[in-house]
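This report concerns one protein model and is meant to be read beside its sequence and structure.

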Amino acid sequence: MDKKDKGKKNKKKRKSRWIAKIIFWTILLSGSFTIFSDMLLRKVNILVAFVILTMVIFIGIMFDLVGVAVTSATITPFNAMASKKIKGAKTAINLIKNAAKVSSFCNDVIGDISGILSGTIGVIIAQKIISQLGTDTATIVKIIIAVLIGTVTIAGKAIGKSIAIENSNEITYKFARIIFFIKRGR
């Protein structure tokens with residue numbers, strides 16, 4: 001086997017590992033968050049449930065924004081920052097070099113889990129409202145909740161994408177600094 005074939009084989013192996021990691025994290029995160037939110041939301045009032053729903057939607061929008069920003073960012077300013085030993089610059093470089101993986105994790109894993117969770121939370125909120133208003137309101141309550149969740153999520157992500165593209169380097173750097181400080185704290 002020549003060097004070129006070994007390189008292709010190693011690349012396939014790394015890609016397979018990445019896919020396995022994404023599947024693992026998706027199962028772990030979506031399962032954990034779904035169980036946690038279901039247990040928590042059954043015990044809270046409608047207002048608290050709406051606050052939690054808003055937070056879940058916001059997290060999905062923010063991670064979508066980060067995923068787009070990293071794929072849109074340019075590496076040049078971060079190389080200059082890294083040469084000046086500015087904290088977080090090397091992390092930003094690594095994010096940009098791994099933009100496909102970062103985007104997949106932020107947009108697909110976290111973003112999709114947020115979408116699933118917001119739907120689950122919406123069902124619980126609808127059930128709470130229906131139990132107070134009566135079952136004859138079930139259809140209209142379900143429709144209103146679904147429309148609200150969909151509209152806020154889609155509009156938020158659309159606005160977030162525009163912001164992410166226009167401010168990609170700044171957003172990438174802020175995200176890199178957060179990661180840098182989290183890693184440093186370990």
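The sections below treat a salt bridge, one alanine and a cavity in turn.

This is a predicted model, in which local features need pLDDT of at least 70 and side-chain atom pairs count only at pLDDT 80 or more, while totals for chains, interfaces and linings use all residues. Residues are numbered from 1 along each chain as its sequence is written, and side-chain values use heavy atoms, with hydrogens and water left out.

A salt bridge is a side-chain nitrogen of Lys or Arg within 4 Å of a carboxyl oxygen of Asp or Glu. The count is one salt bridge: lysine 161 and aspartate 64 meet through their side chains at 2.5 Å, N to O. Because lysine 161 belongs to helix α6 (residues 138-166) and aspartate 64 to helix α2 (residues 46-72), the pair ties together parts 97 residues apart in sequence. Helices here are DSSP runs (H or I, at least four residues), numbered from the N terminus.

The table gives relative accessible area, where buried means under 20%, exposed over 50% and partly exposed in between (1.4 Å probe, protein chains only).

| Residue | Relative accessible area | Class |
|---|---|---|
| Lysine 161 | 34% | partly exposed |
| Aspartate 64 | 4% | buried |
| Alanine 69 | 0% | buried |

Alanine 69 is also placed in helix α2. Neighbours within four places in sequence aside, alanine 69 is in contact (heavy atoms within 4.5 Å) with Ala164, Ser168, Ile171 and Thr172.

A cavity is a set of points on a 1 Å grid over the protein atoms alone where a 1.4 Å probe fits but cannot get out; lining residues have an atom within 4 Å of a point. The lining of the largest cavity includes Val56, Gly111 and Lys157.

Conventions:
Helices (H or I, at least four residues) and strands (E, at least two) are DSSP runs, numbered from the N terminus. On a 1 Å grid over the protein atoms alone, a cavity is a set of points where a 1.4 Å probe fits but cannot get out, and a pocket is an open set with protein on both sides within 12 Å along at least five of seven lines; lining residues have an atom within 4 Å of a point.
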